[in-house]
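Open the model in your viewer and keep the sequence panel beside it. The stops below each give a selection and then say what is there.

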Amino acid sequence: MREHFELRAVDAGGRIGELTVPRAETTVETPALLPVINPNLDTISPRRLADEFGAEILITNSYIIHSTDDVRERAVAEGLHELLDFPGAIMTDSGSFQLSEYGEISVTTEEILEFQHRIGSDIGTPVDIPTPPDVTRERAEAELETTQERLELAETVDTGDMLVTAPVQGSTYPDLREAAARHADGTTLDVFPVGAVVPLMNEYRYDDMVDVVAAAKRGLGADAPVHLFGAGHPMMFALGVAMGCDLFDSAAYALYARDDRYLTVRGTRHLEDLEYLPCSCPVCTAFSPEELRELPDDRREEELAAHNLHVTFEELRRIKQAIRAGTLLELVEQRARAHPTMLDGYRTLLDHATQLEESDPVSKGSFFYTSHESARRPEVLRHHKRLERLSVPGSLLLTEGQPARGDEFDESWRVEPPFGPFPRALSKSYPLTAEVPERTDRAALAAAADGVARLVETNPDADVTLGHRGWPASVLERVPDGVTLVDLDEA
């Protein structure tokens with residue numbers, strides 16, 4: 001077990017955890033944002049990140065420091081914490097991004113890890129190969145082999161109490177991602193970034209991103225802290241957390257500000273297009289859009305970056321509260337409505353409901369049915385799986401109406417979309433207390449019919465009657481032939 005990471009709460013695949021960073025003598029609560037700091041460009045100072053925004057951890061690029069003479073000399077002489085003036089934990093990247101952008105870098109894994117340790121990094125990173133999406137399988141396999149060799153080499157470097165990451169690569173091949181994660185999990189390394197996903201997010205391929213993360217999670221243990229490299233927009237944080245990511249790094253707050261772009265959890269707007277500021281952060285209460293536009297370039301960039309950070313940290317706090325309340329998937333669904341490709345991502349997340357169900361708590365707050373996607377949630381899947389545990393009498397009425405009068409049936413159970421059948425004694429148990437709209441959609445009815453089918457298939461000798469309220473023919477086709485059907489609206 002990795003003693004430096006401990007879970008405190010879970011919901012779906014999301015979790016609140018504590019990442020102990022020994023060299024920084026601190027513990028970081030996850031999910032956590034690591035603002036990206038360019039050592040040559042200081043839009044928001046690291047000290048301000050800690051004091052004003054509550055940042056517990058940040059990330060900077062050790063390769064840039066190593067390659068910039070005056071910065072390197074200061075980092076070696078003063079240490080990274082003094083150089084940046086940051087009291088929390090500092091993670092350093094290795095130059096792998098530069099390798100992916102420019103084709104080569106001038107350091108080895110041993111050299112860059114030793115340098116990261118020398119300048120006082122708290123979490124270091126080896127030089128992996130960030131294989132982009134959609135390359136040939138042969139290239140993905142070859143580059144993954146190189147990355148794995150470097151992870152094994154990283155284990156041999158004396159880094160003291162500095163934590164070391166084990167990036168998970170494999171391009172867009174789920175089996176390679178899963179194998180890479182299993183290999184990384186088998187090392188003595190500490191933090192597990194899912195790499196080379198920035199191109200997917202830049203192209204709004206959130207569905208492919210979810211598949212990549214799901215594959216990596218299958219290969220990692222529950223005690224493995226997962227970092228989603230380059231996931232900087234708050235619009236997708238809830239989705240990433242629901243898949244089981246714990247750390248996010250972001251330069252978006254500064255890059256967008258440089259381009260006069262204003263972040264919201266529903267997307268990004270250009271400052272010139274805004275007549276009102278839909279936010280109550282200190283920046284948005286101090287300025288109107290027109291006043292922001294009239295600021296000098298440097299000041300406007302700083303104020304926009306501050307707003308972008310406020311929105312980003314606020315979203316992470318909202319996500320943590322949703323995990324505590326057991327409503328993370330409701331929040332993901334709200335965010336999914338912000339963009340069609342986010343909806344693709346949410347629907348792909350639900351393709352992995354079996355995987356999410358393994359960590360999802362068996363009891364929590366209220367289940368809110370808010371769209372047809374809700375019928376595919378892990379709670380519905382779990383209920384269907386548990387039907388095989390129930391003792392079924394010889395004759396059974398499953399009904400949306402009142403229980404049967406008289407002795408025509410041995411027992412009478414309820415049928416509630418989207419869950420399907422259950423004994424009435426369980427009516428007050430989660431998730432059967434779900435809030436479902438009166439106008440039930442076809443997806444909820446279909447899920448209920450699937451629950452009926454599951455119960456009948458596991459109890460083939462039972463005589464089952466289904467009393468439904470006008471279920472359409474396409475839904476009733478999902479019910480096994482041996483079930484007697486009664487339309488209560490016509491009875």
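The tour below visits a sheet, a helix and a few single residues in a predicted model.

**Stop 1: the five-stranded sheet**

Select β14, β15, β16, β17 and β18. These five strands make an open sheet of mixed pairing, and the order across it is β16-β15-β14-β17-β18. The edges are β16 (420-422) and β18 (484-487), each of which pairs on one side only. From one strand to the next, the twist averages 25 degrees.

**Stop 2: helix α17**

Select residues 340-351. At 1.5 Å a residue, the twelve residues of α17 should span 16 Å, and the 17 Å between the end C-alpha atoms agrees with that.

Which residues of α17 are buried? They are T341, M342, L343, G345, Y346, T348, L349 and L350. An α-helix has 3.6 residues a turn, so residues three or four places apart point the same way. Colour the buried set, then show its surroundings: these residues pack against α10 (206-219), α11 (237-242), α16 (328-336) and α18 (353-357).

Stay in α17 and pick L350. L350 counts as buried because its relative accessibility is 4%, below the 20% cut-off. Leaving out neighbours within four places in sequence, the contacts of L350 are E373, R376 and R377. Draw a C-alpha to C-alpha distance from L350 to E373: the two are 7.8 Å apart in space and 23 residues apart in sequence.

**Stop 3: D360**

Move on to the loop between α18 and α19 (378-386), where D360 is found. Is D360 buried or exposed? D360 is buried, with a relative accessible area of 4%.

Show the side chain of D360 together with A12. A polar atom of that side chain lies 2.7 Å from the backbone nitrogen of A12. Residues up to four places away in sequence aside, D360 touches D11, A12, P378, E379 and R382.

**Stop 4: R2**

Go to the segment before β1 (5-11) and select R2. R2 has a relative accessibility of 13% and therefore counts as buried. What does the side chain of R2 reach at 3.1 Å? The backbone oxygen of T187 is the atom to display.

Apart from neighbours within four places in sequence, they are A184, D185, T187, L189, D190, F192 and D223.

**Stop 5: D93**

Finish in strand β6 (residues 89-93), which holds D93. The unreviewed UniProt entry carries an "active site" annotation that covers D93. In the model, D93 counts as buried at 15% relative accessibility.

Technical notes. Residues are numbered from 1 along each chain as its sequence is written. This is a predicted model: local features need pLDDT of at least 70, side-chain atom pairs count only at pLDDT 80 or more; totals for chains, interfaces and linings use all residues. Side-chain values use heavy atoms; hydrogens and water are left out. Helices (H or I, at least four residues) and strands (E, at least two) are DSSP runs, numbered from the N terminus. The expected span of a helix is 1.5 Å times one less than its number of residues. Buried means under 20% relative accessible area, exposed over 50%, partly exposed in between (1.4 Å probe, protein chains only). Contact means heavy atoms within 4.5 Å. Two strands pair if DSSP finds at least two bridges between them. Axes are lines fitted to C-alpha atoms, for helices over the stretch in contact, and angles run from 0 to 180 degrees between N-to-C directions. A polar contact is a pair of N or O atoms within 3.5 Å; within protein, one must be able to donate a hydrogen and the other to accept it, and residues adjacent in sequence count only if both atoms are side-chain atoms. UniProt positions are given in the numbering used here, feature names are shortened, and annotations may be inferred rather than shown by experiment.
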